[in-house]
Amino acid sequence: MTIEVYTMSGSPFGWRVQLALEVKGVDYECHILQRSTRDMKKPEYLAMNPRGKVPLLKDGGFIITESMAIVEYLDRKYPEPPLYGRNAEETGRIVESISEFDSYIMPEGLVTVLAVYFDRIAGHEKELREHMQNLSKELDTLEAKTGDWMVGDAISAADIASYPFVRSILRAAEKDKASEIGLEQVLPFDKKYPKLAAWCARIETMSGYENTYPPHWRD
Ligand SMILES: N[C@@H](CCC(=O)N[C@@H](CS)C(=O)NCC(=O)O)C(=O)O
C-alpha cells in the first residue's frame, strides 16, 4: 500500500514530511492541495483532518497529522537511517534542538515570512521590524551552533524540522517587499550565515531533495 501525503506547495510543515520520506527512501504519493480552492476545507478532507490543515499522511487505514508526529511515526516504522539518534543523549539533543527551533525561531520566521508572502506589512511595520530583530538574533544563535548537521554527525529530525523554515525565510528575503521590514538583511546569506548556507547546500544535494522542492517556487 503506497503512503499518501497531503500537503501544499511551499508548506514548511509539509516539506518536513517529504524530507523524512526521502531520507528514509520510502515511496509515496503526494497530493498537492490548493488554498485558493479551499481544498483543506472540503468535507472529504475535513473527514480526515477536522483542523483542515496540512500535512497529513495516510498509510493504508492509518491517518496521522502534525508534521513532527508524522516524522516520528515514519522513524518508528522505517528505522534506518535513524532520525532521532542512536542513543539517549543523541535523542535528547535532537528533541532539544527541535523544541528550541519551534519555540524561538519558527514563530519569528513565520510572522515575517507570511507578512512578505501575503502582503501583510502595511500598518504593521514597527512590530514586524521587532520580529525581524528577534529573528536576526535567533539566526545568529543558530549559525553559531550549526555544524555539518544540526546535531551530531548525520542528518536527523532536527535538520528536517528546521530546514524548510530557514529556506522559506531565505526565499522571502529575496522578495522586493522584504526591505520594508528589514528582512533583506539576512542576505547575502552565504556571507552572513556561512555555516547555515553550507548546511542548506548539504541538504539540497541529498538524494531525493529535488522531489521535495515546492513546485510553485520553480515558476
Ligand atoms: N502544527 C501543524 C501546523 C500545520 C499548519 O499550520 N499547516 C498550514 C500550512 S503551512 C495549513 O494547513 N494552513 C491551512 C489553513 O490554515 O487554512 C504541523 O506541524 O503540521
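I start with a definition: two strands pair if DSSP finds at least two bridges between them. Helices (H or I, at least four residues) and strands (E, at least two) are DSSP runs, numbered from the N terminus.

I note that this is a predicted model, in which local features need pLDDT of at least 70, side-chain atom pairs count only at pLDDT 80 or more, and totals for chains, interfaces and linings use all residues. Residues are numbered from 1 along each chain as its sequence is written.

**Entry: the hairpin**

β3 and β4 pair in the antiparallel sense, over 4 bridges. I see a hairpin here, with 2 residues between β3 and β4. Gly60 sits in the turn and has a positive phi of about 65 degrees.

**Entry: the sheet**

In what order do the strands of the open sheet lie? I read β2-β1-β3-β4, 4 strands with mixed pairing. β2 (28-33) and β4 (62-65) are at the edges with a single partner strand each, so one side of each has no neighbour in the sheet. From one strand to the next, the twist averages 20 degrees. For such angles, axes are lines fitted to C-alpha atoms, for helices over the stretch in contact, and angles run from 0 to 180 degrees between N-to-C directions.

I then followed β1 (residues 3-8), which runs parallel to β2 and is joined to it by 6 bridges. Met8 stands opposite Leu33 in β2. Helix α1 (residues 12-24) packs on the sheet and touches β1, β2 and β3 (56-59). The direction of α1 makes about 145 degrees with that of β1. Contact here means that the C-beta atoms of two residues, placed from the backbone, lie within 7 Å.

**Entry: the whole chain**

I counted through the elements: the protein has 9 helices and 4 strands. From the N terminus on they run β-α-β-α-β-β-α-α-α-α-α-α-α. The C-alpha trace spans about 50 × 45 × 30 Å along its principal axes.

I checked the radius of gyration, taken over C-alpha atoms, against the globule rule of 2.2 Å times the number of residues to the power 0.38. A compact globule of 219 residues would have a value near 17 Å, and the protein agrees, with 17 Å. Of the contacts with a separation of 6 or more, 67% join residues 24 or more positions apart.

**Entry: the core**

I call a residue buried if 20 or more other C-beta atoms lie within 10 Å of its own, exposed if 12 or fewer, and partly exposed in between, with C-beta atoms placed from the backbone. By this count 34% of the 219 residues are buried.

A nonpolar core is a set of buried Ala, Val, Leu, Ile, Met, Phe, Trp, Tyr and Cys residues joined through C-beta atoms within 7 Å. Which residues have the most contacts inside the largest nonpolar core? I find Ala20, Val71, Ala157, Ile160 and Leu183, in a core of 53 residues. Among the elements that give two or more residues to this core are β1, α1, β3 and α3 (67-77). α6 gives the most, with 10 residues. Domain 1 (3-77) and domain 2 (88-218) both give residues, so this core lies between them.

I also traced Ala20: leaving aside its neighbours within four places in sequence, Ala20 is in contact with Val71, Leu74, Leu83 and Ile160.

**Entry: the two domains**

The domain bounds come from an automatic or database domain assignment. The C-alpha centres of domain 1 and domain 2 lie 21 Å apart. I find 14 residues from domain 1 and 17 residues from domain 2 in the contact. On the side of domain 1 that touches domain 2, α1 and α3 give two or more residues. α1 gives the most to that side, with 8 residues.

I found a cis peptide bond from Val54 to Pro55, with omega near 5 degrees. Pro55 is in the loop between α2 (43-46) and β3. The bond from Glu80 to Pro81 is also cis, with omega near -15 degrees. Pro81 is in the loop between α3 and α4.

Is Arg38 buried or exposed? Arg38 counts as exposed, because it has 11 C-beta neighbours inside 10 Å. Arg38 is not a glycine, yet its phi is positive, about 55 degrees.
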